[in-house]
Amino acid sequence: MTHLADHRSDQLDQNAAGDYAFRVENIFRTYFLKGETVHALRGVSFDVRNGEYIAIMGPSGSGKSTLLNVLGCLDRPTSGRYLLDGDDVSKISDYQLSRIRGRRIGFVFQSYNLLQQLNVMENIKVPLQYQGLIGKDANQKCRELANLVGLGDRIYHRPTELSGGQQQRVAIARSLVNDPYFVLADEATGNLDSKTTEEVLDLFESLNNSGKTIVMITHEDEVAARAKRIIRLRDGKIESDVLNQDRPQ
Amino acid sequence: MIAQFFQTVDLGIKSLLVQKLRAGLAALGIFIGTSTVIWLVAMGEGVSYRAQQQILELGAKNVIVRTVKPNAGGDEDANSRVKTYGLLRADYRRIVENIPNIRRAIPMRELKFELRLDDRTADAKLVGCVEEYLELNRLQIARGRWLSPRDRGKKVIVLANETAKRLFPYENPIGRAIWVGSEFYTVIGQTKDRTASAAIGGSLDSRDYNLDAYIPLKTLRQRVGDLVMKRVGGGQGFNFVGEDVELSQITVEVNHIEEVDETAQIIETLLRKYHETQDYAVVVPRELLRQAERTRTMFNVLLVVIAGISLLVGGIGIMNIMLATVTERTREIGVRRALGATRSDIIGQFLIETVVLTASGGLAGVLFGLSVGPVFRFIKRAIMTISPDSLPPIVDSLEPRIAMWSVLLSLGISLGVGVIFGVYPARKAAYLDPIEALRHE
Ligand SMILES: Nc1ncnc2c1ncn2[C@@H]1O[C@H](COP(=O)(O)OP(=O)(O)O)[C@@H](O)[C@H]1O
Ligand SMILES: [Mg+2]
């Protein structure tokens, strides 16, 4: 089996391939619904370098979720290019998209989305199983990540036995297990109280400090304030793309 | 690969355990299907095995020619009190002289007869036979000895086990004399218990050897004779009817099993020339065996069809449950897709989950099916203690025999049901839109 990750596009210069986690070029996403066309994204371009921490903001209906789906390889843009570590993934098959999600992207959802029938350890391991990575090394890695998010003593607990903040930390550990190029967090603190929100944001920040690229979708200013860079969307276009002056770059 | 497979099986078990009652009820259909197949086949095999054993007792190389009482009524001599029918000593001679390839022919005459000793009586079957009768019917001597050529025409008798017990409950019968009709006979031997053999010549009862009494054929002819009078009816005066029969049976043994059918046909043709009425029957045990085999196959085919239907119903139940599961777990499917599961991963997951469900029902059914022997014996014993004699003898003597093919078949079908009825729900799960699935509440 060959995967896209194994051979890089020659069209891209080495410099770009090395520096950028991903790059979107003039992305359009149009929904066709009952004779009506909705332009959810109309010409979005930006790139994200390795080690960046960016927040994507915007009012409701501005296209945040649509952009998240494209960036997460859950959806394909109607036109435009999406270059992920050097490969254009805007026109590939469902199978290849699945493989890329499993290998290169770490998802953190608003409602945690842990699997109820599995314990902490097994939940963290799920992405590895779809890569065929199981065994001692995988278990060791999951244990280390559980320690990293501060749940080393809870690895045999079920999600129902954990608090919301703890569940979200398990989800973060899970998003890291496949060594993704970037972590895609969708309103990751939306269900948490302010204290646990702080804890989770601290965790993201420390991950970023250790080199992880983080893309955070949020509508809360306090959450966006922790990012190094903020992109604002409006009507499917980028309204502003600025560095966060309050945070050391 | 293998480790991954077991991981998926493990996941399937864990997912099913989330809703134990539901999974249990869904698997129940398969459980009942598989155990029913094994039970019914075991019962059927038990019945047919016994039938086959009894037929084999008759000898696969034998052609049995038996006297049959012709249908009464409308006969040429309706008011005659004596009926003459059956095989003749002349038939025996004709068979021996005219038919090639026969190893031996053994004549026999049997009749109901009362044996007496002091105030004890036994309603025995008095069998006039020749020396080979012992070996032919696989009888064994318990004590004393069997008839020998020197006994021909002499008043000696060998008692079967049960007959001996009735006349001599406490004593050794050997050397003692008993009344056979109006004459004394000396008991020279006693046979061991012997299981019954198949019914032949129209009667449905199997041949029970345990109430027999054997005397030389020549003695029977000379001292008892062919004509036996029987008192019938009540009221005043004596009312007798008689039957005049020379031989009850001639057992013809051929040299090779392939010659059985042809020999039987020749005998049939030969006898037809000399008998005006159908007062005999030619029975080929091998043919009986083939018939029994055909009956058994038909029965088994019927069972498999019924089992197939019940497993189909079980399978539809399983599919129903799995469709509900897929709907309920739409969110999980979305999450798994986001975490890298391909469509085939999802298909594999739900297919294996379905197969785990049906296979556990199937395995439990097989285990219960395998316990048919002890469970059946237990039920029989329970019924016996509550009301003895309520079981028909066919059930009483039935020993279920588990057929390996029925175990493998029902297990295979339950796995197959899992695959067939799991495909649709699994595909439905795999083709959900991951974005929609993730949004699902
Ligand atoms: N599956 C869809 N089909 C049709 N229109 C959609 C679909 N998803 C989103 N839209 C439309 O696209 C626009 C952007 O939506 P969305 O990306 O969900 O914005 P946000 O997440 O910022 O609220 C909205 O007008 C929305 O109605
Ligand atoms: Mg949205």
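**Salt bridges, an interface and a ligand shell**

Okay, so over all chains the count comes to 42 salt bridges, where a salt bridge is a side-chain nitrogen of Lys or Arg within 4 Å of a carboxyl oxygen of Asp or Glu. Before going on: this is a predicted model, so local features need pLDDT of at least 70 and side-chain atom pairs need 80 or more, while totals for chains, interfaces and linings use all residues. Residues are numbered from 1 along each chain as its sequence is written, chains are lettered from A and ligands numbered from 1 in the order written, and side-chain values use heavy atoms, with hydrogens and water left out.

One of those bridges joins Arg229(A) and Glu52(A), at 3.0 Å, N to O. That pair links distant parts of the chain, 177 residues apart: Arg229(A) is in strand S9 (229-234), and Glu52(A) is in the loop between S2 and strand S3 (53-57). Strands here are DSSP E runs of at least two residues, helices are H or I runs of at least four, and both are numbered from the N terminus.

Next, the A–B interface. 25 residues of chain A are in contact with 24 residues of chain B, contact being heavy atoms within 4.5 Å. The buried area is about 2,300 Å², with 57% from carbon and sulfur atoms; that's accessible area (1.4 Å probe) lost on putting the two parts together, summed over both.

How many salt bridges are there between chain A and chain B? The count is 3, and one of them pairs Arg343(B) with Asp94(A) at 3.5 Å, N to O. On the chain A side, helix H3 (94-104) and helix H4 (120-130) are the elements that give two or more residues. That side divides into 10 nonpolar, 8 polar and 7 charged residues. My classes: Ala, Val, Leu, Ile, Met, Phe, Trp, Tyr, Cys and Pro are nonpolar, Asp, Glu, Lys and Arg are charged, and the others, Gly among them, are polar.

Last stop, ligand 1. The residues around it (a heavy atom within 4 Å) include Tyr31(A), Val38(A), Pro59(A) and Thr66(A). Helix H2(A) gives the largest share of that shell, 3 residues. By class, the shell has 4 nonpolar, 6 polar and 1 charged.

Now the distances to ligand oxygens. A polar side-chain atom of Ser65(A) is 2.7 Å from one, a backbone N or O atom of Lys64(A) is at 2.9 Å, and a polar backbone atom of Ser62(A) is at 3.3 Å. Taken alone, ligand 1 exposes 560 Å², and the protein buries 68% of that, by Shrake-Rupley with a 1.4 Å probe.

How values were computed
A polar contact is a pair of N or O atoms within 3.5 Å; within protein, one must be able to donate a hydrogen and the other to accept it, and residues adjacent in sequence count only if both atoms are side-chain atoms.
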